[in-house]
Amino acid sequence: MDTRLLELLVCPVCKGPLEHDREAHELICRADHLAYPIRDGIPVMLESEARDLDATAAAAPATPGAAA
């Protein structure tokens with residue numbers, strides 16, 4: 001993803017800065033806890049397409065060795 005484009009993009013919800021997660025191919029808004037997907041090199045900046053980071057963290061499996 002082009003660095004210059006990243007500097008121009010902001011969260012469509014809060015207009016805050018976004019972080020690029022290269023491994024997950026997402027743009028992350030820490031303020032709104034949303035992750036916007038990047039598909040074929042194009043950021044999909046729609047709130048309806050964003051992944052809720054809080055819901056993802058809650059659904060994550062427990063760490064191995066943790067008491068159940």
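Guide: Happy to. Let's start with Glu-19, which forms a salt bridge with Arg-30, the closest N and O atoms being 3.2 Å apart. By the way, this is a predicted model, where local features need pLDDT of at least 70 and side-chain atom pairs count only at pLDDT 80 or more, while totals for chains, interfaces and linings use all residues. Residues are numbered from 1 along each chain as its sequence is written, and side-chain values use heavy atoms, leaving out hydrogens and water.

Visitor: Why is the pair of Glu-19 and Arg-30 called a salt bridge?

Guide: The term asks for a side-chain nitrogen of Lys or Arg within 4 Å of a carboxyl oxygen of Asp or Glu. Here the closest N and O atoms of Glu-19 and Arg-30 are 3.2 Å apart, so the pair qualifies.

Visitor: What makes Glu-19 count as buried, exposed or partly exposed?

Guide: Buried means under 20% relative accessible area, exposed over 50%, and partly exposed in between (1.4 Å probe, protein chains only). Glu-19 has 40% relative accessibility, so it counts as partly exposed.

Visitor: How many salt bridges does the structure hold?

Guide: There are 3 of them. One of them joins the side chains of Arg-51 and Glu-26, at 2.6 Å from N to O. Arg-51 sits in strand β5 (residues 51–52) and Glu-26 in strand β2, 25 residues apart.

Visitor: How do you know whether Glu-26 is buried or exposed?

Guide: Its relative accessible area is 10%, so Glu-26 is buried. Arg-51, with 31%, is partly exposed.

Visitor: And which residues pair up in the salt bridge of Glu-49?

Guide: Glu-49 is joined to Arg-39, with the closest N and O atoms 2.9 Å apart. Glu-49 lies in the loop between β4 (42–43) and β5 and Arg-39 in strand β3, so the pair ties together parts 10 residues apart in sequence. Glu-49 has 34% relative accessibility and counts as partly exposed; Arg-39 is partly exposed too, at 42%.

Visitor: What makes β1 and β2 a pair?

Guide: Two strands pair if DSSP finds at least two bridges between them. Strand β1 (residues 19–21) and β2 have 3 bridges, in the antiparallel sense, so they pass. His-20 stands opposite Leu-27 in β2.

Visitor: How many bridges join β2 and β3?

Guide: β2 and strand β3 (residues 34–39) pair over 4 bridges, again antiparallel. Glu-26 stands opposite Pro-37 in β3. In the hairpin of β2 and β3, with 4 residues between the strands, His-33 takes a positive phi near 60 degrees.

Visitor: Which residues make up the largest nonpolar core?

Guide: The core has 10 residues in all: Leu-6, Leu-9, Cys-11, Leu-18, Leu-27, Cys-29, Leu-34, Tyr-36, Ile-38 and Ala-50. β3 gives the most to this core, with 3 residues.

Visitor: Why is that called a nonpolar core?

Guide: Because the term covers a set of buried Ala, Val, Leu, Ile, Met, Phe, Trp, Tyr and Cys residues joined through side-chain atoms within 4.5 Å. In soluble globular proteins, nonpolar side chains tend to be buried together.

Methods. Helices (H or I, at least four residues) and strands (E, at least two) are DSSP runs, numbered from the N terminus.
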